[in-house]
Each structure stands twice: as structure tokens, then as C-alpha cells.
Amino acid sequence: MANDIARVILAAGCRDEEIAAVIESVGPARIAGMLVDEIAYRWERPPVELGEEVVVQLCFGHDAGEISYLVRVGSAGVAYEPGVAEKPHARVEQDLREAVRAVFGPDDGRAAAGRRLELCVSDSPTAFVQPPAAFWVAQRLLATTDDRDRSGLTELASRYGSDKWGIHRYTPHYRHHFEPLRDRPLTILEIGVGGFSLSANGYGDPARGGESLRMWKHYFPRALVYGIDIVDKRALSEQRITILHADQSNPAELDEVIRETGPLDIVIDDGSHRSEHVLTSLRTLFPHLRNGGLYVIEDLQTSYWPRFGGNSDVFDSPSTSVGFLKSLVDGLNHEEILDSSDRVPGDFDRSVRGLHFYHNIVFIEKGLNVEGGGPVWLRYPPDHQG
Ligand SMILES: C[S@@+](CC[C@H](N)C(=O)[O-])C[C@H]1O[C@@H](n2cnc3c(N)ncnc32)[C@H](O)[C@@H]1O
């Protein structure tokens with residue numbers, strides 16, 4: 001499933017021939033279903049009372065025929081099913097290839113030139129006096145692809161109920177680092193699916209969680225979002241969100257996760273927050289991050305709390321999260337350390353290109369860190385140069 005949607009997203013940024021090929025291989029009916037699912041996910045309530053249910057028929061043209069879906073919008077939200085209606089409030093017709101590009105293509109390649117919108121309720125004088133709810137609904141449905149909801153991350157955190165804003169103040173930092181990546185076909189992995197409940201043993205309820213995963217899915221409209229959790233929350237998977245059952249402190253289980261996800265663009269550690277687990281995950285997953293990728297660790301305050309394996313007396317212990325992360329600062333400058341030192345450069349030294357620390361959160365930037373050190377004549381005093 002994740003493989004097929006990944007292929008559709010990638011093809012959506014290519015030429016029509018590639019889109020046609022993926023439609024043939026995945027199947028036009030399935031692709032139409034993916035499009036409607038995505039449109040319904042991005043849907044946002046209009047700022048008016050809808051009153052009666054509005055039915056919009058979405059028709060995707062393919063070969064000589066059409067694949068039709070009915071999207072029903074009411075005060076409770078949006079639902080959809082395959083089918084046709086005798087008298088829908090509106091009809092949208094679009095070639096399936098163009099619709100794939102519109103929904104999953106990059107921002108600058110989206111197209112609506114071949115789309116036809118019929119507002120079946122406009123043929124009445126009352127439509128002038130009081131615009132029917134269907135006008136709003138059609139506008140909102142088309143906006144899911146034309147304008148792409150560019151809601152800010154803080155707003156999305158509140159909408160989906162993630163504690164990345166409110167309890168924590170992380171969303172402005174995420175926005176700073178993630179906004180330029182927003183339109184890319186990324187693979188994202190978050191450790192910790194969440195779903196806290198006072199009555200269900202903290203995070204123990206398999207049917208709760210996924211708040212931040214849904215926020216990422218909305219924020220990155222072309223990304224595949226993976227989540228892992230020590231509690232089996234796989235049932236919360238949906239289109240573009242795959243949840244796997246894994247313990248972040250177990251390297252073998254993380255290797256299994258990588259076999260499923262492939263190389264990663266972004267990792268977010270919001271799991272147990274125990275230093276030992278955080279460092280095991282970092283050591284295991286960082287090699288699978290692509291160059292240019294970001295590895296984010298949240299809740300670093302736990303590095304100072306013995307309850308989480310932290311330490312408030314010794315600040316540079318390599319066994320605490322922050323103690324280890326501080327050693328990466330020396331790694332950034334490893335080429336400047338004099339030959340007399342017995343420090344041996346490690347993998348992180350050569351592959352960490354930037355470290356961005358904020359209150360309780362760090363962004364580690366992956367990239368080749370081998371610019372070459374300063375010149376010998378400057379490193380050593382004249383009487384030490386051979
Ligand atoms: C803070 S919650 C995650 C919140 C979620 N990321 C969000 O922002 O909505 C922490 C999650 O980590 C999970 N967790 C705890 N220990 C873990 C471990 N060793 N491996 C994987 N997940 C773990 C918990 O079950 C819980 O769901």
C-alpha cells in the first residue's frame with residue numbers, strides 16, 4: 001500500500017507518460033480512491049452553516065469512461081463512496097492523469113486546465129440572494145488541490161491535538177527547519193505514536209494516538225509518514241500513514257523498520273525519552289538518514305532527570321542525551337583537532353553537518369562534514385612546523 005502511494009506521488013511530479021504508466025500498473029479505480037481519500041482528508045469546514053447535506057460528484061475521466069465518487073458534506077464532516085447521484089448539487093469532471101498531478105504533484109506543476117465544474121444549484125434566482133451551501137462546498141473541495149491548505153504548523157498541531165504546541169513550544173522550530181521541505185516527496189519516521197489517556201494506562205490504548213502523524217500528513221502533502229510505537233498501534237494506519245510495532249531501544253527491531261521504510265528524510269524521536277533509548281535509536285537510524293536529512297530529538301529536559309536515565313550533576317556524560325549531543329559539537333570541528341590529540345574521528349564526525357539546539361529540542365542535520373581543516377602554517381606555531 002505505502003509502495004503504491006509512493007509511486008503515485010513520485011509519478012505525479014513527472015510527465016504525463018509516467019502518470020499514465022502508474023495508473024495502468026496500480027489500477028485506475030484504486031488511484032481514483034486514493035485521490036478522493038486525500039481530498040476528503042484535506043477538506044476544511046466552510047465558515048458558514050451548511051444546513052442540508054451537500055452532495056458533490058467527482059468524475060475522473062479515464063480512457064473512454066469515468067470513475068465516479070460521491071462526496072457527501074454535512075455538519076458532521078465529509079464522507080465519500082463510489083457511485084453516481086441523479087441530482088448532485090455539483091459535479092466536478094477531470095481527467096484522471098491531471099487529477100493525480102493536481103492532488104499529489106509538486107506545487108508548481110499542478111493543473112486544472114481540463115477540469116469542468118458544474119454547479120447544479122445555480123440555476124435559480126435565489127442563488128443570487130443567498131448563495132447555496134454547495135457554492136462553499138465546491139470552493140473548499142477545489143481548494144484542497146488548487147490552493148493546498150497552507151495552514152501553519154502551530155494551527156495544525158492544535159487542529160490534530162498534538163502536544164508539539166501548547167505543552168511544548170516546538171512548532172515554530174519545526175516550521176523554521178521544515179517549511180522549505182514542505183512540497184517534497186519525503187519519507188518521515190516518528191518514534192512515538194502517542195494517544196495519552198488518564199483512564200487507559202497512559203499511552204497503553206492501542207486505539208488512541210497518531211495526532212502528530214496526522215499533523216505531518218497534512219503539513220507535507222506529498223510525504224509518506226511512518227510511526228513506530230512499543231504499544232501495537234498499527235490499527236491507526238491510514239493512507240500515507242503507516243504505523244509499525246517496534247521498540248526504539250532494540251536495534252534489530254529498528255533494522256526491521258528500515259527494511260519497510262527505506263532511506264529516511266526526517267526522523268523525529270518523541271518516544272520513551274530515556275537517554276539510553278534515545279542514543280540507541282540515534283546510532284541505529286542515523287546511518288539510514290539521507291544526506292540533507294534532519295534527525296530531531298524532542299524533550300531533552302529528560303537528559304537531566306535520573307528517572308529517565310539522565311543526570312543533573314554531570315553535564316557531559318556520554319550516556320545522557322545532551323551529554324552525547326554536546327560531543328557532536330567537537331565532531332563538527334573534528335578536522336581542526338590537532339594531531340597530538342588521541343581523539344579518533346567517528347561516523348558522526350564525518351556525517352553531521354549542523355546542530356541546532358533550542359529549549360528541549362535539537363535538530364541534527366546530516367551531510368558530509370569533510371571540508372578540510374585549517375592550513376598547517378596557521379595551526380601550529382612556527383617552531384612546531386616540520
Ligand atoms: C509523547 S508520546 C508521543 C506523542 C506523539 N509523537 C505526538 O506528538 O502526538 C510517546 C510515545 O512513545 C511510546 N514509547 C514509549 N517507549 C517506547 C519505546 N521504547 N519504543 C517505541 N515507542 C515507545 C509510547 O507508547 C507513547 O505512545
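Student: Where is Glu-38 placed?

Tutor: Glu-38 sits in helix α3, residues 28–42; helices are DSSP runs of H or I with at least four residues, strands are E runs of at least two, and both are numbered from the N terminus. This is a predicted model, in which local features need pLDDT of at least 70 and side-chain atom pairs count only at pLDDT 80 or more, while totals for chains, interfaces and linings use all residues. Residues are numbered from 1 along each chain as its sequence is written, and side-chain values use heavy atoms, with hydrogens and water left out.

Student: Is Glu-38 buried or exposed?

Tutor: Glu-38 is buried, with a relative accessible area of 0%. Buried means under 20% relative accessible area, exposed means over 50%, and partly exposed lies in between, using a 1.4 Å probe and protein chains only.

Student: Which residues does Glu-38 touch?

Tutor: Not counting residues up to four places away in sequence, Glu-38 touches Val-103, Phe-104, Lys-217, Pro-221, Gln-239 and Arg-240. Contact here means heavy atoms within 4.5 Å.

Student: What about the backbone of Arg-240?

Tutor: Arg-240 has a positive phi of about 70°, although it is not a glycine. Arg-240 belongs to the loop between β7 (224–229) and β8 (241–245), and it is buried at a relative accessible area of 4%.

Student: And what is the phi of Asp-299?

Tutor: Asp-299, also not a glycine, has a positive phi of about 60°. Its loop runs between β10 (289–297) and α12 (321–332). Asp-299 is buried, with a relative accessible area of 9%.

Student: Changing topic, which residues are closest to the ligand?

Tutor: The closest are Glu-190, Gly-192, Asp-229, Gln-248 and Asp-270, out of 20 residues that surround the ligand. A residue counts as near if one of its heavy atoms lies within 4 Å of the molecule or strand.

Student: Which polar side-chain atom lies 2.8 Å from a ligand nitrogen?

Tutor: That atom belongs to Asp-270. On the backbone side, a polar atom of Gln-248 is 2.9 Å from a nitrogen atom of the ligand, and an N or O atom of Ile-230 lies 3.2 Å from a ligand nitrogen.

Student: How much of the ligand does the protein bury?

Tutor: The protein buries 91% of the 610 Å² that the ligand exposes when taken alone. Accessible areas come from the Shrake-Rupley method with a 1.4 Å probe; for residues, only the protein chains shown count as cover.

Student: Next, which residues touch the most other members of the largest nonpolar core?

Tutor: They are Ile-31, Leu-35, Phe-60, Leu-282, Tyr-295, Ile-297 and Ile-364, in a core of 69 residues. Such a core is a set of buried Ala, Val, Leu, Ile, Met, Phe, Trp, Tyr and Cys residues joined through side-chain atoms within 4.5 Å.

Student: Which helix gives the most to this core?

Tutor: Helix α1 (residues 2–12) does, with 7 residues. The core also draws at least three residues from each of domain 1 (2–146) and domain 2 (153–366); the domain bounds come from an automatic or database domain assignment.

Student: How far apart are the C-alpha centres of the two domains?

Tutor: The C-alpha centres of domain 1 and domain 2 lie 35 Å apart. Their contact takes 17 residues from domain 1 and 15 residues from domain 2.

Note on methods. A polar contact is a pair of N or O atoms within 3.5 Å; within protein, one must be able to donate a hydrogen and the other to accept it, and residues adjacent in sequence count only if both atoms are side-chain atoms.
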